[in-house]
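The following exercises concern side-chain interactions and packing in one protein model. Each task is followed by a solution in steps.

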Amino acid sequence: MLRPTFFLALLCLLVLYWRQPTTTTTTNSATSTTPNAKTNGNQHPFTKTTRRTVAVGDLHSDLPQTLAVLQLAKVIDDYGNWSGGQDTLVQTGDIVDRGPDTIAVYNLFDKLRKQAREAGGKVVNVYGNHEVMNLGQDLRYVTEEDYASFGGRQKRKEAWDVKTGWLGKMIYSNFNITYVHNGHTVFSHGDMEPEWARLGVETLNDLTREAIWKSNYRAPVFQGTGPIWSRSYATEEGGIEATCKRVEEVKKALGVNRLISGHTPQYRTGKILSICNGGYMVIDVGISKYYGGHLAALEIIEEDGKENIYALYPGGKRLL
C-alpha cells in the first residue's frame, strides 16, 4: 500500500510541471513584443527593399562574348543558366549579324527569359536595327557561317518569318522597340528623339508591331531618326548643349531620369559613355570580337527610392 507522503510528493511535482513556461512561448513572446533598438516600440523594424537591373548592349552573334558579359553581370552561372534571381536583364538589340552564333544567342535569351520568369526575375529584349533588317530580309551583314548554321539561305529566310518561322515568331512575341523600366529609365537601341518620345512608349511599340506584321519596313519608325537608327546624342550632333537639351525633352516627355542606348559602339575606349550628368548613356562598348571584344554591363541598384548607376567591367565596377 502506497503511503500518503508518496501521493503528496507526486502532487507537488505535477503542480511544478504545469506551472513551468515553455521555451517556445517565452521566445516568441519576446520576439513579438520587444521593441527593435532602431524603432520607437510602436513601429515595425525598417526593412530595405533593393532591386537590381543589368543591361548589356550589342552582341552581334558572338556566343562566347555573350556568355562572358552575362557572367560578368552575374545573371548566369558557368553553365549558361539564369542565376540572377529576381534581377531584371535588359538587352538593347543587335543580337544578330557580323558573327556566326545567331541561333545559339537567340536560343540562350529565350531560355533565360523562361528561367528568369520562374525565379521571379525578368529578361527584356529591345529591337535593334539589325533585327529589323533581318526580319525585312536585308542580309548585307550576315556571315557565311551564319547561313550554314541554319542549313542554307532558304532555310534561314524561312526561320526569320514572323508568321511561320520559329525565330521570327520568337522575336516578334518578345521584342519591343522601346522599354521603360520601373518608371525611371528608358531603353532603346538607337537614340530616342523628342518627336518619337512624345508619342509615348505604348504607341511606339504598337506602331512597330503593326509595321512588322504587315512587312512595312519602310515605316517612319524604322527610318534614320527613329529609335533603332538615330545616333544624334552619341555623336553630340549640334554640340553638347543642344544634345543635352534634347535629352531633357525626352526625359520630360516620358517622365524618366535617364536614356540608355546601344547602337553606337564605344570600341575605342571599351567603356560606357555617360553625358548630360548621367541623363544619357551608351552601353554598346563593342562586346563582340568583331568590335574588339570589350566586356561591360550597366547596373542599376534601386534602394530607398534612389537609383545608383554603375558600370561593370572585368576589373571591377565604377559609379557613373
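**Exercise 1. Salt bridges**

Determine how far apart the closest N and O atoms of Lys-214 and Glu-210 lie, and classify each residue as buried, partly exposed or exposed.

*Solution.* The model is a predicted one, and side-chain atom pairs are counted only at pLDDT 80 or more.

Step 1. The closest N and O atoms of Lys-214 and Glu-210 are 3.0 Å apart, and the two residues form a salt bridge. The cut-off for such a bridge is 4 Å.

Step 2. Lys-214 has a relative accessible area of 58% and is therefore exposed. Glu-210 stands at 42%, so it counts as partly exposed.

Step 3. Salt bridges with shared partners also occur: Arg-52, Asp-87, Glu-299 and Lys-317 are joined by them into one network.

Step 4. A further bridge links Arg-153 to Glu-144, with an N to O distance of 2.9 Å. Glu-144, at 52% relative accessibility, is exposed.

**Exercise 2. Aromatic pairs and charges over rings**

Classify the pairs Tyr-217 with Phe-222 and Tyr-290 with Tyr-291 as stacked or edge-to-face.

*Solution.* Step 1. The count of aromatic pairs comes to 10. For Tyr-217 and Phe-222, the ring centres are 6.1 Å apart and the planes make an angle of 25 degrees. Planes under 30 degrees apart count as stacked, and the pair of Tyr-217 and Phe-222 is accordingly stacked.

Step 1. Phe-222 has a relative accessibility of 3% and so counts as buried.

Step 2. Tyr-290 and Tyr-291 have ring centres 5.0 Å apart, with 75 degrees between the planes, and form an edge-to-face pair. Tyr-290 is exposed at 51%, while Tyr-291 is buried at 18%.

Step 3. Ring pairs also link Tyr-106, Tyr-127, Trp-160 and Phe-175 into a cluster.

Step 4. Charged side chains lie over two tyrosine rings: Arg-98 is over the face of Tyr-141, 4.4 Å from the ring centre, and Lys-271 is over the face of Tyr-313, at 4.1 Å from the ring centre.

**Exercise 3. One face of helix H3**

Explain why the buried residues of H3 are said to line one face of the helix.

*Solution.* Step 1. The buried residues of H3 are Gln-65, Thr-66, Val-69, Leu-70 and Leu-72.

Step 1. Viewed down the axis of H3, these buried residues fall within an arc of 155 degrees, so they line one face of the helix.

Step 2. An α-helix has 3.6 residues a turn, so residues three or four places apart point the same way.

Step 3. The buried residues of H3 pack against S1, S2, H4, strand S10 (297-303) and strand S11 (306-313).

**Exercise 4. The setting of Thr-178**

Is Thr-178 buried or exposed, and which residues does Thr-178 touch?

*Solution.* Step 1. Thr-178 lies in strand S5 (residues 178-181). With a relative accessible area of 1%, Thr-178 is buried.

Step 1. Leaving out residues up to four places away in sequence, Thr-178 touches Val-126, Val-186, Phe-187, Ser-188, Met-192, Val-201, Leu-204 and Asn-205.

Step 2. Thr-178 and Met-192 are 14 residues apart along the chain, and their C-alpha atoms are separated by 8.8 Å.

Methods
Residues are numbered from 1 along each chain as its sequence is written. This is a predicted model: local features need pLDDT of at least 70, side-chain atom pairs count only at pLDDT 80 or more; totals for chains, interfaces and linings use all residues. Side-chain values use heavy atoms; hydrogens and water are left out. Rings of Phe, Tyr and Trp (its six-membered ring) pair if their centres lie within 6.5 Å; planes under 30 degrees apart count as stacked, over 60 as edge-to-face and the rest as tilted. Buried means under 20% relative accessible area, exposed over 50%, partly exposed in between (1.4 Å probe, protein chains only). A charge sits over a ring if NZ of Lys or CZ of Arg is within 6 Å of the ring centre and within 35 degrees of the ring normal. A salt bridge is a side-chain nitrogen of Lys or Arg within 4 Å of a carboxyl oxygen of Asp or Glu. Helices (H or I, at least four residues) and strands (E, at least two) are DSSP runs, numbered from the N terminus. The arc is that of the directions from the helix axis to the C-beta atoms. Contact means heavy atoms within 4.5 Å.
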